[in-house]
Amino acid sequence: MISIKNIIDFFRHNLIIKAIAVFLALFLWLNVVMEKQYVAAFKIPIVLVNIPKNVMPSKPFPTFAHVRIAGTGKQLWGFKIFSSAKIMVDVFKVRKGKRIIVISNADVFLGGSKVRVVAIEKPQS
């Protein structure tokens, strides 16, 4: 018959080996899960570059955009922790008057990360 004492003895016997086995199982599971492809949204700042001296925005421009980025779990995790990503909008050719600047995937600087841009959602201030 199984008693509480037998169950407690089972868990106490070879406790270090069982703890190592559980740790290795969790590590292997995490490694397999992190190899799958995922898409995640990140809030990335917008930076205007090459601003001509005689041109100035009449209204505040958006300061960030939500960008959907794809990669493996490991790549996205590394991107979230270590990335200095930004959207660099070159306004050198902009002249006086009302202009709408369209941001494309090529404007997103990912800082050498192996992830890729899937979509850029509407920028927000």
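**Notebook: strands, core and pocket**

I began with V67, which stands opposite I120 in β5. I am working from a predicted model, in which local features need pLDDT of at least 70, side-chain atom pairs count only at pLDDT 80 or more, and totals for chains, interfaces and linings use all residues. Residues are numbered from 1 along each chain as its sequence is written, and side-chain values use heavy atoms, with hydrogens and water left out.

**Entry 1, the sheet.** I took helices (H or I, at least four residues) and strands (E, at least two) as DSSP runs, numbered from the N terminus. Two strands pair if DSSP finds at least two bridges between them. I found an open sheet of five strands in the order β4-β3-β1-β2-β5, with mixed pairing. At its edges stand β4 (108-109) and β5 (116-120), each with a single partner strand, so one side of each has no neighbour in the sheet.

I then went through the pairings. β2 and β5 run antiparallel and are joined by four bridges. β1 and β2 are also paired in the antiparallel sense, over nine bridges, and the bridge partner of A40 in β2 is I69. β1 and β3 pair in the parallel sense over four bridges; I46 stands opposite I87 in β3.

I used buried for under 20% relative accessible area, exposed for over 50% and partly exposed for in between (1.4 Å probe, protein chains only). Seven of the nine residues of β2 are buried, so I noted the strand as mostly covered. I looked up T72, which lies in β2. T72 counts as buried because its relative accessibility is 12%. With contact meaning heavy atoms within 4.5 Å, and leaving aside neighbours within four places in sequence, T72 touches M34, E35, K36, Q37 and Y38.

A nonpolar core is a set of buried Ala, Val, Leu, Ile, Met, Phe, Trp, Tyr and Cys residues joined through side-chain atoms within 4.5 Å. The largest one here has 19 residues, and I44, I69, F79, I87 and L110 have the most contacts inside it. β1 (37-49), β2 (64-72), α3 (73-82) and β3 (86-90) each supply at least two of its residues. I checked F79 as well: apart from neighbours within four places in sequence, F79 is in contact with F42, I44, I69, A85, L110, S113 and V115.

In helix α1 (residues 4-12), the number buried is zero out of nine residues, so α1 lies largely in the open. Just after α1, N14 takes a positive phi of about 55°. I16 is in helix α2 (residues 15-33) and counts as exposed because its relative accessibility is 64%. I noted 41 Å between the C-alpha atoms of I16 and G112, which are 96 residues apart along the chain.

On a 1 Å grid over the protein atoms alone, a pocket is an open set of points where a 1.4 Å probe fits, with protein on both sides within 12 Å along at least five of seven lines; lining residues have an atom within 4 Å of a point. The largest pocket is lined by 25 residues, with P57, K59, F61, R99 and I101 nearest its centre.
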